[in-house]
Every structure is written in structure tokens, then in C-alpha cells.
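Biologist: I am new to this structure, and I would like to learn how to read its features one at a time. Could you show me the model and then take me through it?

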Amino acid sequence: VDVRLDLFAEIERLKKEKNAIILAHYYQEPDIQDVADYIGDSLGLSQQAAKTDADIIVFAGVHFMAETAKILSPQKKVLLPDLKAGCSLADSAPPELFARFKAQYPDHLVISYINCSAGIKALSDIICTSSNAEKIIEAVPKDQPIIFAPDRNLGSYLVKKTGRDMVLWNGACMVHEIFSLEKITKLKVRHPKAKIIAHPECEAPVLAIADFIGSTTGLLKFTQRDDAQEYIVVTETGILHQMQKENPNKTFIPAPPNNACACNDCPHMKLNTLEKLYLCMEYEQPEITMDEALRVAAKRPIDRMLEISA
Ligand code: 13P
Ligand code: SF4
């Protein structure tokens, strides 16, 4: 790359020349969020991917998100700046193992969190995200038993919220499971007026002390309508960029992880950089490609989710 390139200007030029749209998740680095055409949570991003009329979708997020975009918009070219941007939660559910687990519960309906591979989606009945999970579960008849995969923390939270006794797959997000209850409590003692806001991928003891629980979009909207001045934010740090932009007079404190060497940046999300974004737009690779039979099978439960959340 010519280091003298103005990457922001080049990316804008490529967007126009190629009729490309950049969809970014809130956990992306600030520069990427600033060049994106749409920034959102997993539900918002999949809705955008389904309806865009761009020729190229550049997905600034992780693999399962770009794959979901390809499932919904197969005629479009879907690019991911770094193909290695995976997800510990998606990796915690290998399809062959999950198929065997599912076979033990033949009467159960499978609701899967969108943070999973196309292989898991193809084995699922309905997909959900953290912003529509309660609505999706409530749309299922009360006497219908449910398997919820792959996130045990979101699953346990939903069992409490909905009163539905779901069978849970034992997966977790490497970023959200390492927040320290002890350190958050100490931080709260030093900032008694700060509200604790947390993502439901956090473990139950952390969620128990939260003033508000929601998806990334849910957390951001809460900080806009709420009247506190300070927040302890218990999710990946990327979201602080929009929180600070939307609320310049409020203070946002990232919640500490349990180990001084650990970090609450998602290593997968942060594999994407502005340089890689530019290169992938210039050379139109790496591209997401999928087996058509798998794509069709994985689309069915996503379509059900989009119908229920419409
Ligand atoms: P949402 O943005 O849908 O809340 O998802 C959070 C997440 O962990 C994405 O990887
Ligand atoms: Fe996966 Fe967690 Fe990273 Fe989201 S934050 S992409 S759930 S590892």
C-alpha cells in the first residue's frame, strides 16, 4: 500500500466506483465505523444485508456476519477484510457435534443465536439475535420444548426472562465471559452514580448487578434516553465510540476483565483494519463463497427470524 494514500478518501471513491456498501458492527475500530454506510447490531446488519441494492457488500465484522449477508443476498459479492476474523462463540458449536446433541432431543425446536456457522443455522428452526431473542421465543407455542444454542449465558438469561425451560448448548463468547464481577463492583464503589449496562452474553453474576441489559444497539439507545451521566459498559469496547459520539457530555467506562493481561477487545473483530478494508475493496477479495445447498438450508431459519422481527 502507498502509505501516502488517504485511505478515507480512497474508500469513499471505491464505494462509488463499485456501488459497494460498507456494513460495520459496533465492535469495529473507530476509523472503520467512521467510513461505514451502516453501523449496527447483528439484527440491524442482517436486515440491511437483505435489503441493500448495492452490488458489493463489504462486511466489517466477523465471518458469521458476512456469511449471513451472503446467505441473504447470494447474487451480491460479499467481502470480509480478513477471512480469519472468526468468533469463539460460533467455534464453540461444531455442526457434527451439534447434530448428535440435537438427535438426543427429537421433539425439540432449535433456536440458534446468529453467532454460529451456516452449518449450525442449517440445523436450526429459527435464528435469533440478542435484540429479538425474547420475541422469537415467545412466538413459539408454550408447550413446544426448545434447544437454545450456542451461547449458554444468553440462553440462561432468556430462561429467566421468559420462564421457558430450554435445553442449552454449552458455548460462550471469549470477550463476555471474562468480565470480573469483583472489579466491576470496585469500580461501582468509586463511581456510585454510574449505571452498569451489560450485554446478555455476560455471565449471570455480572448480569445480576446490571441496571440495563441489551444488544449493542439496545445499550447505545439506552444511553441516549437515560439521564445518568456515567456508565460502566460491560461489553466489547468498540461500542464506546458511538456512545461517546452520541453523548459527548457523558462518561463511559469500559468494564475490566478478570485478568490484568486479558483485554475486552474482541481479537476477531479487531483483525479488521482500515488498510485491510481498503485492500479488500480494491482487489475484491477475500470473498465469501458458499455451497448452494448449505446456503438454502441456512436461509430458512434466518427468514423465519426476519419475519417474526419485522
Ligand atoms: P449484537 O451486536 O447483536 O448485540 O451482538 C454482539 C456480538 O457479540 C456480536 O459478535
Ligand atoms: Fe464472537 Fe464474542 Fe467476538 Fe462477538 S465479541 S465476535 S461473540 S468472540
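Modeller: What follows is a conversation about domains, a ligand, annotated sites, a helix and some backbone details. This is a predicted model, in which local features need pLDDT of at least 70, side-chain atom pairs count only at pLDDT 80 or more, and totals for chains, interfaces and linings use all residues. Residues are numbered from 1 along each chain as its sequence is written, while chains are lettered from A and ligands numbered from 1 in the order in which they are written.

Biologist: Which domains does the assignment give for the protein?

Modeller: Domain bounds come from an automatic or database domain assignment. Here the assignment gives domain 1 (7-86 + 269-289), domain 2 (89-173 + 297-309) and domain 3 (176-254). Taken over C-alpha atoms, the centres of domain 1 and domain 2 are 26 Å apart.

Biologist: How many residues of domain 1 are in contact with domain 2?

Modeller: Two residues are in contact if their C-beta atoms, placed from the backbone, lie within 7 Å. By that rule, 12 residues of domain 1 are in contact with 15 residues of domain 2. Helix 3 (42-51) and helix 4 (63-72) each supply at least two residues of the side of domain 1 that touches domain 2, where helices (H or I, at least four residues) and strands (E, at least two) are DSSP runs numbered from the N terminus. That side of domain 1 has five nonpolar, five polar and two charged residues; Ala, Val, Leu, Ile, Met, Phe, Trp, Tyr, Cys and Pro count as nonpolar, Asp, Glu, Lys and Arg as charged, and the others, Gly among them, as polar.

Biologist: Which residues surround ligand 1?

Modeller: A residue is near a molecule if its C-beta atom, placed from the backbone, lies within 6 Å of it. Ligand 1 is surrounded by Y26, D41, S42, N115, T129, S130, C173, H199, E201, S215 and T216. By class, this shell has two nonpolar, seven polar and two charged residues.

Biologist: Where does UniProt place the feature "binding site"?

Modeller: UniProt positions are given in the numbering used here, feature names are shortened, and annotations may be inferred rather than shown by experiment. One such feature, from an unreviewed entry, is placed by UniProt at H25, S42, Y113, I114, N115, S130, H199, P200, E201 and T216. Of these, S42 lies in helix 3, and S130 is in the loop between strand 6 (126-128) and helix 8 (133-138).

Biologist: Is S130 buried or exposed?

Modeller: A residue is buried if 20 or more other C-beta atoms lie within 10 Å of its own, exposed if 12 or fewer, and partly exposed in between, with C-beta atoms placed from the backbone. S130 is buried, because 26 other C-beta atoms lie within 10 Å, and S42 is buried with 25. Leaving aside neighbours within four places in sequence, S42 is in contact with M65, I114 and T129, whereas S130 touches L154, H199, P200 and S215.

Biologist: What about the cysteines, C87, C173 and C266, that the record also lists?

Modeller: UniProt places a "binding site" feature (unreviewed entry) at C87, C173 and C266. They span 180 residues in sequence, yet no two of their C-alpha atoms are more than 9.3 Å apart, so they gather at one spot. C173 is in the loop between strand 8 (167-168) and helix 10 (181-190), and C266 lies in the loop between strand 12 (251-254) and helix 14. C173 is buried, with 24 other C-beta atoms within 10 Å, and C266 is buried, with 23.

Biologist: Why do the buried residues of helix 14 line one face of the helix?

Modeller: An α-helix has 3.6 residues a turn, so residues three or four places apart point the same way. In helix 14 (residues 274-283), the buried residues are L274, L277, C280 and M281. Seen down the helix axis, they fall within an arc of 130°, so they line one face of helix 14; the arc is that of the directions from the helix axis to the C-beta atoms.
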